[in-house]
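Here's a quick tour of one protein model, written for someone just starting out. Keep the 3D view open and follow along.

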Amino acid sequence: MGTSHSREGLDISDEDSDQYNEEEEEEEEEQYDDAEEDQHQNPQISPAVKSKTLDELDAKLKALELKYGTSSSSSSSQNPNSKNNSVKLYLHIGGNTPKAKWIVSDKYASYSFIKTSKINDDEDDDESDGGGRDKGKPSWWALRVGSKVKARVSSEMQLKMFGDQRRVDFVSNGVWALKFPTDEAYRKFVTEFQDCVFENVYGLEATDENKVKVYGKEFIGWVKPEAADDSMWEDADDYGLKSPEPATPVRGSQDLLEEFEEAANGGVQSLTLGALDNSFLVNDTGVQVYRNLNHGIHGKGVCVKFDGSSSREKSSLSQMTPKKALLMRAETNMLLMSPFKEGKPHATGLQQLDIETGKIVTEWKFEKDGTDITMRDITNDTKGSQLDPSESTFLGLDDNRLCQWDMRDRAGMVQNIATANSPVLNWNQGHQFSKGTNFQCFATTGDGSIVVGSLDGKIRLYSKTSMRQAKTAFPGLGSPITHVDVTYDGKWILGTADTYLVLICTLFTDKDGKTKTGFSGRMGNRIPAPRLLKLTPLDSHLAGANNKFHGGHFSWVTENGKQERHLVATVGKFSVIWDFQQVKNSAHACYRNQQGLKSCYCYKIVLKDESIVESRFMHDKFAVSDSPEAPLVVATPLKVSSISLSGKRQH
């Protein structure tokens, strides 16, 4: 079938843990029972023998206490506050099987945050005050729990809070949980953890002054969400429609149905969906053509080969498999961009494929002021401009460049491509930034406004009229933004980082009381805090340590008045789907008892047999009447699948 439930961690109760401890200690208790039976059978035992037996029993009890207390006692000698840091440590076993459960790993553990320069070394040369560190070596905050856990404090731990249970779950070579004795102890831990994350990311102590220095006064709500204005999230709910909120978070995949799956001829590099008749998969040999249908895409058995299509005998551009494909001119043409160096996304030019004839009609070079330059990404001028039959311009992005390219000459005429050398694209407008902006990815709205994600985690908004200066620059949360998307109306931005997605509301009220987006002006001081979309610690662990989120997208609309309904991202063998309306709802069950930025863990998972290349929703026009969404297309290196969000198969 290829779909799977989202696997939330099982509840931990004190009753369960006590039951486990009783089972664990059963062997020792049996020994004591035998001793008691011997006493009843031999009433003539002398007081001296009885005393000796009690001494032996007392020694055994002490040994049993040490069994649980070793880790905490060792940490107590290093941490004078260990009594205030006492926790129960649990380990999740069984993965996603019916036998999955939590077991007590250390009933009498204590935790500490320590400064260290090594994680995998067991040497205790580090103290929480940093006094034992080697001078000159880089160090960071780590969480140590007894002798079982030592992990660098970061978003990679995937810490999930359960305030009502005084519990946190996290990943560190397994899935762990800590239960705290009091609410105060729980809140203390969470605050310390978040402060350590801040210092590890920015190298500054987590004071109010330093937080303002990093985020700016306008974005202080990003580090103090309780002080942020959440009203815009509610005001932005389109049409005033709210989906009913269940008492418990919705999970599972009972409404996911795989329509069909077929071979993709191997080596799939990218998925390019069309809004008209066809969609495309780019693989090692060429471009595979698929037919768009209401229940998904279906192979037409047509492949445009890369090798004999150019008008020249030998291509002047890279011969590597294209990593990026962009549809243009009412989806009759496709631009293919290949990296010129293995392992790097940058390209020196691109090839233009005529889909109707199956021929590469020309090869374009990127050039500015007579000098060859590179681009790391390209995209359409607007979210729907690939449907324009006269489209001749597109946008380009490099590490420090943002520009618009024109396939016409400076007089506005289509260039003559019957030339021995690659024609040069006309740099129509743009800006080359002198400082290291480290742009990584970008996307456009329905009106041509531009959102750009950066290596430092910043997300910048540019109006359609100026690429020189960002109207708004959202601060980073500590991780690079590897992919970015934006809704057609520009109200919402989805940034993809390795361990989470960040959803940003761009709406604000100007001094005249008008509601605008951050693409049109400075947002002022009342900027809504973002929301994070995460995997549960268990799902994150099952996805694999080296698997990272990539390619977060909204569902696809190209008309005013239409609203995106879902969000999808890929991690390892998982395609993860969130309900957009549910994420926006401030009363959503996931957000209760959380401290810090609101994080949503309610999603559905499509599970495949191999790592997923890309997951994208088809255009909104392919959503049938009784389905909440157009089909989801999931591409792996060897297969392509179409998933319906309806509860029954469409005919």
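Phe 340 counts as partly exposed because its relative accessibility is 41%; buried means under 20% relative accessible area, exposed over 50%, and partly exposed in between (1.4 Å probe, protein chains only). You'll find Phe 340 in the loop between β15 (333–337) and β16 (349–354). Phe 340 and Thr 374 are 34 residues apart in sequence, and their C-alpha atoms are 9.2 Å apart in space.

A word on ground rules: this is a predicted model, where local features need pLDDT of at least 70, side-chain atom pairs count only at pLDDT 80 or more, and totals for chains, interfaces and linings use all residues. Residues are numbered from 1 along each chain as its sequence is written, and side-chain values use heavy atoms, with hydrogens and water left out. The helices (H or I, at least four residues) and strands (E, at least two) are DSSP runs, numbered from the N terminus.

| Helix | Residues | Buried residues include | Next glycine and its phi |
|---|---|---|---|
| α5 | 208–215 | Asn 210, Lys 211 and Tyr 215 | Gly 216, positive, about 85 degrees |

Which residues of α5 are buried? They are Asn 210, Lys 211 and Tyr 215. These cover an arc of only 115 degrees around the axis, so they sit on the same side of α5 (the arc is that of the directions from the helix axis to the C-beta atoms). The buried residues of α5 pack against α4, with contact meaning heavy atoms within 4.5 Å. On the face turned away from the buried side, α5 carries the exposed residues Glu 209 and Lys 213.

Finally, the largest pocket holds about 1,600 Å³ of space. Its lining has 48 residues, and Lys 323, Lys 324, Asp 377, His 483 and Glu 614 lie nearest the centre. A pocket here is an open set of points on a 1 Å grid over the protein atoms alone, where a 1.4 Å probe fits, with protein on both sides within 12 Å along at least five of seven lines; lining residues have an atom within 4 Å of a point. β24 gives the most to this lining, with five residues.

How values were computed:
Grid points are joined across faces, edges and corners, and a volume is the space filled by probe spheres set on the points.
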